[in-house]
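Please open the structure in your viewer and keep the selection tool at hand. The stops below say what to select and what is there.

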Amino acid sequence: MSNLWQEDCRGLEMKVIEIKNLVKIYASPFMRKKSIGLNGLNMEVEEGEIFGLLGPNGAGKTTALKIITHLLKPSGGSVTLFGGVGSLEARKRMGFLPENPTFYRHLTGMELLQFYSRLYGKNPTRKELEEKLKVVGLKDSQDRRISGYSKGMLQRIGLIQTLIGDPDLLVLDEPLSGLDPVGRREMKDLIRKVNMEGKTVLFSSHILSDVEAICNRVGIIVDGKMKKVGHIGEILKSEIRYIDIEFEGMEEIDWLNEYGDLKKEGKVIYLRTKDTEKKDKVLKEISRRGGRIISVVPQRQSLEEHFIRTLNE
Ligand SMILES: Nc1ncnc2c1ncn2[C@@H]1O[C@H](COP(=O)(O)OP(=O)(O)O)[C@@H](O)[C@H]1O
Ligand SMILES: [Mg+2]
């Protein structure tokens, strides 16, 4: 699906998750102190997208995912899944990978998948399961015990386990945390792959580059509230900091000084302008005076800069 098509159809897409004013207060019977997990969270996840729930530790990501998957009861607000509130049917359409999943350690990878398949009332052949293990690069380790699996292998078999019931929605809590660069890459590729196969993915992370690399949309959650939601491109587009224009073939360039910083290297001239409004005028004038434009590159704020600013707003 091209981006253009996606943009055109925005608004027509079905909401897989709709959360309104969700509140979670953790109260301990032994301690007077209450702690706030969510403080009026609003968010929506649309069909077919990869939505990244981004926030610092303690922001409420796990709390939100656990309420969505019915592992926790909210103190207030509502969660609508596939258009229905908490129906068993809707819950069956969901797969969940918790943070740091643990499995029966004495089972082999193959036995684990057989076990979970039976829980779903399925009885796949060994060959079918082998295929699944192959997809996540675990075919060679299928007869090894889970206790000997690395963190990356656990995450990958965890992902396959969430897919056994063939869900339409995958909810993944920090699926990339604690993985080495190779493990992260493999997990990211897998998440993209299952999304391409038509599954909606909601995942949480406190790591920006991971979210930036695979998500269509991002929601930044801070102190139990959604601070900002948008397509990554949109969030960052609105934050162009300056534009770098590179051109050649012009001798007289002093007139450009009023538009930004100029630098000349041999025949090539660089102009860095903050005046994004006047960009078209400048480009036209350069061409009119015989200059040849080599490149025009908008320099955006990185998601990291944006994130830090959002935290401080
Ligand atoms: N079981 C719990 N009892 C009391 N407070 C909790 C519990 N779980 C989470 N919290 C609190 O709720 C807030 C959000 O936590 P959490 O959802 O785990 O955040 P995140 O996953 O974004 O790191 C934190 O302040 C945390 O201390
Ligand atoms: Mg968490």
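Which residues of helix 2 are buried? Select Lys61, Thr63, Ala64, Leu65, Ile67 and Ile68 to see them. This is a predicted model. Now widen the selection to residues 61-68, the whole of helix 2: 6 of its 8 residues are buried, so the helix is largely enclosed by the rest of the structure.

Next, select residues 151-163, which form helix 6. The distance from the first C-alpha to the last in these 13 residues is 19 Å, close to the 18 Å expected at 1.5 Å a residue. Helix 6 is mostly covered, with 12 of its 13 residues buried. Among the buried ones are Gly152, Met153, Ile157, Gly158 and Ile160. To see what covers them, show strand 5 (94-97), helix 4 (109-119), helix 5 (126-135), strand 6 (169-173) and helix 7 (181-196), which are included in that cover.

Keep helix 6 and helix 7 on screen and hide the rest. Their axes come within 10 Å and cross at roughly 15°. An angle under 35 degrees counts as roughly parallel, and the two helices are therefore roughly parallel to each other. The crossing of helix 6 and helix 7 is right-handed.

From helix 6, select Gln155, Arg156, Leu159 and Leu163; they meet Glu186, Met187, Leu190 and Val194 of helix 7. Colored by type, the residues of this contact divide into 5 nonpolar, 1 polar and 2 charged.

Methods: Residues are numbered from 1 along each chain as its sequence is written. Chains are lettered from A and ligands numbered from 1 in the order in which they are written. This is a predicted model: local features need pLDDT of at least 70, side-chain atom pairs count only at pLDDT 80 or more; totals for chains, interfaces and linings use all residues. Side-chain values use heavy atoms; hydrogens and water are left out. Helices (H or I, at least four residues) and strands (E, at least two) are DSSP runs, numbered from the N terminus. The expected span of a helix is 1.5 Å times one less than its number of residues. Buried means under 20% relative accessible area, exposed over 50%, partly exposed in between (1.4 Å probe, protein chains only). Contact means heavy atoms within 4.5 Å. Axes are lines fitted to C-alpha atoms, for helices over the stretch in contact, and angles run from 0 to 180 degrees between N-to-C directions. Angles under 35 degrees count as roughly parallel, over 145 as roughly antiparallel, 65 to 115 as roughly perpendicular and the rest as oblique. A crossing is left-handed if the near helix is turned anticlockwise from the far one by less than a right angle, and right-handed if clockwise. Ala, Val, Leu, Ile, Met, Phe, Trp, Tyr, Cys and Pro count as nonpolar, Asp, Glu, Lys and Arg as charged, and the others, Gly among them, as polar.
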